Amino acid sequence: MIVFKAHPYEYKKIKNNIKSTLEELEYFKLTLPPDKQKRIVIICDYNMQALFNNCKFSITLTSQAGLESIYQGKPLVTFNGAFYSKKGFTYDFDEIGELINFIKTNNIIITTNQLVSYNEYMKKVFNSLVGKNEFHKIEYILRNILLDVKKSEEIKSNNTREEIKNNNT
């Protein structure tokens, strides 16, 4: 299933009679066969935390929500050059065919290296916004996320070893 959450600015576009991405997507969805329409959900007002809790990964063009996705421990795919793409913590694509093929052929996960890159990127951003003496608060949060993901990777690895062991006996 694909869930598209419209940016809050989409409402302003509609109110000002500017063609919105939201309207374009709703029209596109109607052109699809019914079985494909069922796989696409378009929402406007929805809790981002609930979306992250129920997704495997996020895709964005450029949005703060992408940074929030990584913060929530979800892999992030960027399409067409977000301001934070190619910094080591995203999967980046410029061509739609490459993006589709990657999604079809890969188990998209967030890696420890991506989280370290995200930590370094956010450290630079927050140092410029809040000052070097305040970043320790943000760094504490980011380190805890990194530890949680490492623990999750270890559990998955142990489970895989156990499955292999059980299949061989």
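User: What volume does the second largest pocket have?
Analyst: Keep in mind that this is a predicted model. The pocket in question is lined by 10 residues. Its computed volume comes to about 170 Å³.

User: Which residues lie nearest the centre of that second largest pocket?
Analyst: The lining of this pocket divides into 8 nonpolar residues, 1 polar and 1 charged. Out of the 10 lining residues, the ones nearest the centre are L67, Y71, Y118, M122 and F126.

User: Which helix gives the largest share of the lining of the second largest pocket?
Analyst: Three helices each supply at least two lining residues: α5 (64-71), α7 (112-130) and α8 (135-168). The largest share is 4 residues, and the helix they come from is α5.

User: Is Y71 buried, partly exposed or exposed?
Analyst: Y71 is found in helix α5, and it's one of the residues nearest the centre of the second largest pocket. Buried means under 20% relative accessible area and exposed means over 50%. Y71 has 35%, so it counts as partly exposed.

User: Which residues form a nonpolar patch on the surface with Y71?
Analyst: The patch has about 300 Å² of accessible area in total. Y71 brings a relative accessible area of 35%, and a patch residue needs over 30%.

How values were computed: Residues numbered from 1 in each chain as written. Predicted model: local features only at pLDDT ≥ 70, side-chain atom pairs only at ≥ 80, totals over all residues. Heavy atoms only, no water. 1 Å grid on protein atoms, 1.4 Å probe; cavity = no way out; pocket = protein on both sides within 12 Å on 5 of 7 lines; lining within 4 Å. Points joined across faces, edges and corners; volume = space filled by probe spheres on them. Nonpolar A, V, L, I, M, F, W, Y, C, P; charged D, E, K, R; others polar. Patch = residues over 30% accessible without salt bridge, like charges linked within 9 Å, V, L, I, M, F, W, Y side chains within 5 Å. Areas by Shrake-Rupley, 256 points an atom, 1.4 Å probe, with all protein chains shown as cover. Salt bridge = Lys/Arg side-chain N within 4 Å of Asp/Glu carboxyl O. Buried < 20%, exposed > 50% of the residue type's maximum accessible area, 1.4 Å probe, protein only.
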